[in-house]
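Please read the following report alongside the sequence and the coordinates.

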Amino acid sequence: MSVPAATQLSSLVPDSSFLHPYDLDFDGLRRLAACGPEHLRELEQQYHERPFVKEELWAGKVARALRNQPDLDEEELADVTGLNFIQIERSLTWESECFFRGPTSSNDHEKGSRGPDSGQGRERPS
């Protein structure tokens, strides 16, 4: 549902599954739009209950960089993503673990498992 801009309320919330389309400084921050204060609180609560996984965010940054420039070497990848080699390695390990774990259900975050697109995890951004 579209809400007129004049009456729309918005908020930024942490979301490790979100990559901003053109401003990399907003990667990991999702803008919520709501029709009123109660609706905005509801939406914010949903995202605050969803854990933030740094590796998920890093994996997204790596994937985006490689989609745009598939022939990047390790140093170029680090430069383009703003990540260090350890963060890149952790993101790849996280993706591998998600791949071998397979598809997840909507209740998997309660069981401690997750998939790369579920937006669930363990820690908040620092």
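## Basis of the description

This is a predicted model, in which local features need pLDDT of at least 70 and side-chain atom pairs count only at pLDDT 80 or more, while totals for chains, interfaces and linings use all residues. Residues are numbered from 1 along each chain as its sequence is written, and side-chain values use heavy atoms, with hydrogens and water left out.

## Packing of α2 and α4

Helix α2 (residues 54–68) packs with helix α4 (residues 85–101) at an angle of about 100°, their axes being 8 Å apart; helices are DSSP runs of H or I, at least four residues, numbered from the N terminus, and axes are lines fitted to C-alpha atoms over the stretch in contact, with angles from 0 to 180 degrees between N-to-C directions. The two helices α2 and α4 are therefore roughly perpendicular (65 to 115 degrees).

In contact (heavy atoms within 4.5 Å), Glu55, Glu56, Trp58, Ala59 and Val62 of α2 meet Gln87, Ile88, Arg90, Ser91, Trp94 and Glu95 of α4.

## Cysteines

The structure holds 0 disulfides (pairs of cysteine sulfur atoms within 2.5 Å). Cys98 is buried, with a relative accessible area of 3%, whereas Cys35 is partly exposed at 44%; buried means under 20%, exposed over 50% and partly exposed in between, with a 1.4 Å probe and protein chains only.

Conventions
Parallel < 35°, antiparallel > 145°, perpendicular 65-115°, else oblique.
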